[in-house]
Amino acid sequence: MTVPTGWRATQIVQGIHNSELKPTDVADAFLQRIAEYDPVIQAFATVEPDMVRAQARWLDLQAERGARMPLHGVPVGVKDIIDVAGLPTIAGFEPYRDHIADRDAAIVASLRSLGALILGKTHTTQFAVGDPAPTKNPWNLSKSPSGSSAGSGAAVPAGMAAIALGSQTAGSMLRPAAFNGAVGFKPTFGWFSLEGVIPLCWSLDHLGLYGATVADVALVYDALVTARDEPAITSPGRPKIALLTEFLEMSSPDVASHIQHVAESLEGAGAIVVETTMPESFEHVFAIHQVIFAAEMAAAHSANLGRYSEHYGPRIRTGVEAGTLIPAGYLVQAQRHRRTLSGVFDRFLRGFDALLLPTVSTQACDRAETGDRRFQVPATLLGTPALSLPTGLSSEGLPLATQLIGRRGADRELLGLAGWVTSVVPLIDGPELEKLG
Amino acid sequence: MKLDPTTTQAEIKAVLRNQSDLVYGAQRTQELASQIEHLSTMLAEVIRRPLDLTGPAPDSSGILSERS
């Protein structure tokens, strides 16, 4: 059977479980799509077609023997800071081009054991910081795919992967989701193991998932965290949602009016939407993140920077050097404030099913930048689950995105709410790559 | 560097610049000027708020491990 372009993870699993589709069909279709469009989009850093086909043949064999795996045949792109056995983990850093991983990162091993088909490694900004990756935005090649998870964020809307792994230390999961028009999900801090992942900031690094729909992301999340004590993914009755108005004031008119429209639509569908602000000033939240980020990044990279300074990009280099100047007492104060904030936000979030705000203050920016990270920082700092949903298009035809933030540990509830939101405000269709020229 | 809520952004920036001069030299400090400006603003915001000294001991994450 031929796999149509844009097939979703849920459709692929269903097709294989019903014996209507073989994993080798899926591998061939996605490899063909990559061969056709990746020379332009440059979402992938490394793809080894023979390795992909060998995995697919093994998955075929499992299906022929009657095995029905939860993610059977789901093609996954992996951000290139996450180890995949047999492939290099380059991280956008030339000296690592020959660093071949001898084992899978924990999350990749889990995905394989669940039947996923690992397609290859997707481009990242260098070490997941701010120097842009070579990837182009599939909606407009002159626009940024954002970062740091640029390749993963672009691969899914471009139909080159059904699911992709990314990471977020400031805004690197959700912002590429917004700019490229993917669903992006950053779970609660610590939910996904970071074993086998190049660290940036140990207390801020999260892994996350990109998919074309909430159902696809929920399928993979559910499979990965089956043992966790969380309520099942359900649709909420009459959700209570906090619309954070300070973020509308900081947004472009296109973005602000879109989020207002989303809020009104949800209210019209039965949600209780409360206009409010965060329980602490945005400036305070952002400052705490920035101090911890800079100090931890300096700790992670100073030695390597000393050894390979000529290979470091200008943004990560200045960030690391400035981070080394932070006095210890200030870092401890930031950590103490973070702990206090965590409790304040936990109490605030208990009053709502989710917080509603734009994912980013603008549509996709030009390629020299990766975009405004401010709006994604609160969920990163506080370790709460957050989703970005591509819910609209700007007047320039670029994706606009809605962000939902949930209670820490209530990831499934947030996914359930997101499913309901997309039943009210439909997700946009993907880009038409054929028109890119 | 002083560590109290009255410390100003200008004072913090001056200390960071001096430290950068020592570690990276005057030319690189000039190149780091916008980063030092940003960082000193962030540090001033962090130090401006008094700490709650009665809470649990600092840890490396600041995030409570139990479900909210």
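The questions and answers below go through this predicted model and the terms used for it.

User: What should I know about the numbering and the model?

Analyst: Residues are numbered from 1 along each chain as its sequence is written, and chains are lettered from A and ligands numbered from 1 in the order in which they are written. The model is predicted, local features need pLDDT of at least 70, side-chain atom pairs count only at pLDDT 80 or more, and totals for chains, interfaces and linings use all residues, while side-chain values use heavy atoms, with hydrogens and water left out.

User: Why is A:Asp60 called buried?

Analyst: Buried means under 20% relative accessible area, exposed means over 50%, and partly exposed lies in between, with a 1.4 Å probe and protein chains only. A:Asp60 has a relative accessible area of 9%, so this residue is buried. A:Asp60 is found in helix H3 (residues 49–64) of chain A. Helices (H or I, at least four residues) and strands (E, at least two) are DSSP runs, numbered from the N terminus.

User: Which residues does A:Asp60 touch?

Analyst: Contact means heavy atoms within 4.5 Å. Leaving out residues up to four places away in sequence, A:Asp60 touches A:Lys22, A:Pro23 and A:Thr24. The C-alpha atoms of A:Asp60 and A:Phe189 are separated by 35 Å. Those two residues are 129 residues apart along the chain.

User: How do you know that strand E2 of chain A is largely enclosed?

Analyst: Strand E2 covers residues 75–79, and five of the five are buried, so the rest of the structure largely encloses it. Both faces are covered. A:Pro75, A:Gly77 and A:Lys79 lie on one side, A:Val76 and A:Val78 on the other.

User: What makes E2(A) and E3(A) a pair?

Analyst: Two strands pair if DSSP finds at least two bridges between them. Five bridges join E2(A) to strand E3 (residues 117–122) of chain A, and the two run parallel. A:Val76 stands opposite A:Ile118 in E3(A). E2(A) also pairs with strand E4 (residues 163–168) of chain A, in the parallel sense, over three bridges. There, A:Gly77 has A:Ala164 as its bridge partner.

User: Which elements make the right-handed β-α-β unit?

Analyst: The unit is made of E2(A), helix H4 (residues 106–113) of chain A and E3(A). A crossover is right-handed if, with the strands pointing away from the viewer, the path from the first strand over the helix to the second runs clockwise.

User: What makes E1 and E8 edge strands?

Analyst: Eleven strands of chain A form an open sheet, in the order E1-E3-E2-E4-E6-E5-E10-E11-E9-E7-E8, with mixed pairing. Strand E1 (44–46) and strand E8 (272–276) each pair on one side only. Neighbouring strands of this sheet are turned by 30 degrees against each other on average, direction ignored.

User: How many bridges join E10(A) to E11(A)?

Analyst: Seven bridges join E10(A) to strand E11 (residues 399–405) of chain A, in the antiparallel sense. A:Leu387 has A:Leu404 as its partner in E11(A). The two strands form a hairpin with five residues between them. A:Gly397 in the turn has a positive phi of about 80 degrees. E10(A) is mostly covered, with seven of its eight residues buried. Strand E5 (residues 183–186) of chain A also joins E10 (residues 386–393), antiparallel, over three bridges.

User: Why is H12(A) called oblique to H3(B)?

Analyst: Axes are lines fitted to C-alpha atoms, for helices over the stretch in contact, and angles run from 0 to 180 degrees between N-to-C directions. Helix H12 (residues 328–349) of chain A packs on helix H3 (residues 33–48) of chain B at about 60 degrees, with axes 9 Å apart. That makes H12(A) oblique to H3(B). Under 35 degrees counts as roughly parallel, over 145 as roughly antiparallel, 65 to 115 as roughly perpendicular, and the rest as oblique.

User: How many residues of helix H11 of chain A are buried?

Analyst: Helix H11 (residues 314–323) has seven of its ten residues buried, and is mostly covered. Their cover includes helix H10 (282–307) of chain A together with helix H1 (9–24), helix H2 (26–31) and H3 of chain B.
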